[in-house]
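Look at the model below.

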Amino acid sequence: MESFWQKAKSLAEEAKTRSQTLINSSSPVKIADLVSETTKHSLNIASKKADEFKAALADQIPSLAVTSTDAPPSDLELEKFGITQDLRDFVKGLTLSTFQNFPFPDDSASDVATVSNVRQDLSEWQQKHANLVLTTVKEVSKLRYELCPRHMKDGRFWRIYFTLVSTHVSPYERKYVEENKLKQIAKAKDEKVDQTQALGEEAIEGKLKSKTSTSEQDLDSYLLGDLDDNDDHPGIF
């Protein structure tokens, strides 16, 4: 910063000196035109130096813009977790008083850890919904910021919130839970089939080993039997 102002001061003094020289000069060229040209030249130089200074300053100061590597949620994902236009319209009517005056038991004894501003005693679906609603519905994000923790604990806020929006989001939560159950049932069946196949392969392998062992025993018995016969008739080869 100091270097920039020193350069600007130097340019101003240079312009002043050149202007004074021109005023005292006996050149036939109009003094006013020369002064104007000199001033424009000085301003151009000062502008270039200012741009260079801004560029250098921008390199030194980290950008304040918040960037995210995560892609924004799709409309399908938002609907899956109950972030619908119906919900958006409903929460616009919620105020600080709605939460502060809500007849709900106090959560003073509750001390559950939070991750990414969401309590971990919520269900899996509720946690995902809470994260999405905080990042995509500014009304809810603003309410939570103003209420927690100055006026109420995080747990109380989310309990009141899900009670208020229950009729708007519960169908989506039930659908999510049912789909997860079906997936778990299908997964259990696949694992059972894989286990049955593995046992079948082991049984087949065991039978093959058993047959091989029996065949080897039969061959040994046959050969030993021939040797015994030869012992009974030593003159016969």
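Is E77 buried, partly exposed or exposed? This is a predicted model. In it, E77 has a relative accessibility of 25%, so E77 counts as partly exposed. The cut-offs settle the matter: buried means under 20%, and exposed means over 50%.

E77 has a partner. Its side chain meets that of K128 in a salt bridge, at 3.3 Å from N to O. The two residues come from distant parts of the chain: E77 sits in helix α3 (residues 75–80) and K128 in helix α6, 51 residues apart. K128 has a relative accessible area of 32%, so K128 is partly exposed.

Side chains of opposite charge can pair when their charged atoms come close. The structure holds two salt bridges. Another pair is R144 with D154, where the closest N and O atoms are 2.8 Å apart. R144 belongs to helix α7 (residues 138–147) and D154 to helix α8, so this pair ties together parts that are ten residues apart in sequence. Both R144 and D154 are buried.

Now turn to the packing of helices α6 and α8. Helix α6 spans residues 124–136, and helix α8 spans residues 154–164. Their axes lie 12 Å apart, at an angle of about 95 degrees. Angles of 65 to 115 degrees count as roughly perpendicular, so α6 and α8 are roughly perpendicular to each other.

Which residues meet where α6 packs on α8? From α6 come W125, Q126, H129, A130, V133 and L134; from α8 come W158, Y161 and F162. Seven of these contact residues are nonpolar and two are polar, with no charged ones.

Conventions
Residues numbered from 1 in each chain as written. Predicted model: local features only at pLDDT ≥ 70, side-chain atom pairs only at ≥ 80, totals over all residues. Heavy atoms only, no water. Axes fitted to C-alpha atoms, helices over the stretch in contact; angles between N-to-C directions. Helix = DSSP H or I, 4+ residues; strand = E, 2+ residues; numbered from the N terminus. Parallel < 35°, antiparallel > 145°, perpendicular 65-115°, else oblique. Contact = heavy atoms within 4.5 Å. Nonpolar A, V, L, I, M, F, W, Y, C, P; charged D, E, K, R; others polar. Salt bridge = Lys/Arg side-chain N within 4 Å of Asp/Glu carboxyl O. Buried < 20%, exposed > 50% of the residue type's maximum accessible area, 1.4 Å probe, protein only.
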